[in-house]
Amino acid sequence: VLEVYRLWGGAAWFENYGPVKKCLTANLLRHTVYYVKGNSSLSPPLLVLSSLADGDKHGYAMMEDIESFAGVRLGAGTLYGAITRLEQRGWIRPTDPVDRRQPYTITGAGREHLRDQLAELERLVRAGQRRLKHT
Amino acid sequence: MKSIVRILARLYPASWRARYGAEFDVLLEDVTPSARQALDVFLGAMSMQITTWNFGKIVAVSAVAGLALGLHRCIRQACGV
């Protein structure tokens, strides 16, 4: 593997790759992420917790709800990635299935985490707005 | 497109599919199939695969990827590109 890596040129290969190709690769990655995730700085787990704070919902209901209050349409893969992580951390848990659909509910720890996250965001928003006023 | 998304959903790890597979398939029936959805499911599957990999598998996959890139470079050099 090391021999092939040496032949390949190692790290020097990327430097010789050419600025145009490098720029195209970076742009392609950026556009792919934008295409899939949308232009949102909000994290999917935070959006899911915010959606469930209002009441129990299944996956599709969460997607619709998040789109209505945040203007972000989460993809199925992104949504279930967030659901998996949140359940592993004990911040959400499944409830009784309804018509093959699996609703989730926010736990006490999840509510506490959401409160902390929103307080942090609020501090950031206030600081940003205060600084914008001074410029 | 719906069948492509269904095939891509099979790329999730078996342990993940055992827990979430049924409800995920129901969700995929509800959403409008699109290229964006397909890409999102693919990236979700890859991300979930990587989180379930152990150190040995990460090293093995990195080695295969390095080998493939190296071979690509060798072929390019041999062809004088």
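## Where the two chains meet

Across the interface of chain A and chain B, three salt bridges are found by the rule, in a structure that is a predicted model. In one salt bridge the side chains of Arg19(B) and Glu87(A) come together, with a nitrogen-to-oxygen distance of 2.8 Å. Residue pairs in polar contact between chain A and chain B number 13, counting those in which both residues have a pLDDT of 80 or more.

On the side of chain A that touches chain B, the elements giving two or more residues are helix 1 (2-8), helix 3 (19-37), helix 5 (59-70) and helix 6 (76-88) of chain A. Helix 6 of chain A gives the most to this side, with nine residues. When the residues of the side of chain A that touches chain B are divided by kind, 16 are nonpolar, eight are polar and six are charged.

## Extent of the interface

In terms of residues, 30 from chain A are in contact with 30 from chain B. The area buried between chain A and chain B is about 2600 Å², and carbon and sulfur atoms give 61% of that area.

## The largest cavity

Rolling a probe the size of a water molecule over the atoms shows where empty space is left.

By kind, the residues lining the largest cavity divide into four nonpolar, three polar and four charged.

## The second largest cavity

The second largest cavity has a volume of about 40 Å³, and its lining consists of Lys2(B), Val5(B), Arg6(B), Leu28(B), Val31(B), Pro33(B) and Gln37(B). Helix 1 (residues 2-9) of chain B provides the largest share of this lining, namely three residues. The residues that line the second largest cavity divide into four nonpolar, one polar and two charged.

Methods:
Residues numbered from 1 in each chain as written. Chains lettered and ligands numbered in written order. Predicted model: local features only at pLDDT ≥ 70, side-chain atom pairs only at ≥ 80, totals over all residues. Heavy atoms only, no water. Contact = heavy atoms within 4.5 Å. Buried area = accessible area lost by both parts, 1.4 Å probe. Salt bridge = Lys/Arg side-chain N within 4 Å of Asp/Glu carboxyl O. Polar contact = N/O pair within 3.5 Å; in protein donor to acceptor, adjacent residues only side chain to side chain. Helix = DSSP H or I, 4+ residues; strand = E, 2+ residues; numbered from the N terminus. Nonpolar A, V, L, I, M, F, W, Y, C, P; charged D, E, K, R; others polar. 1 Å grid on protein atoms, 1.4 Å probe; cavity = no way out; pocket = protein on both sides within 12 Å on 5 of 7 lines; lining within 4 Å. Points joined across faces, edges and corners; volume = space filled by probe spheres on them.
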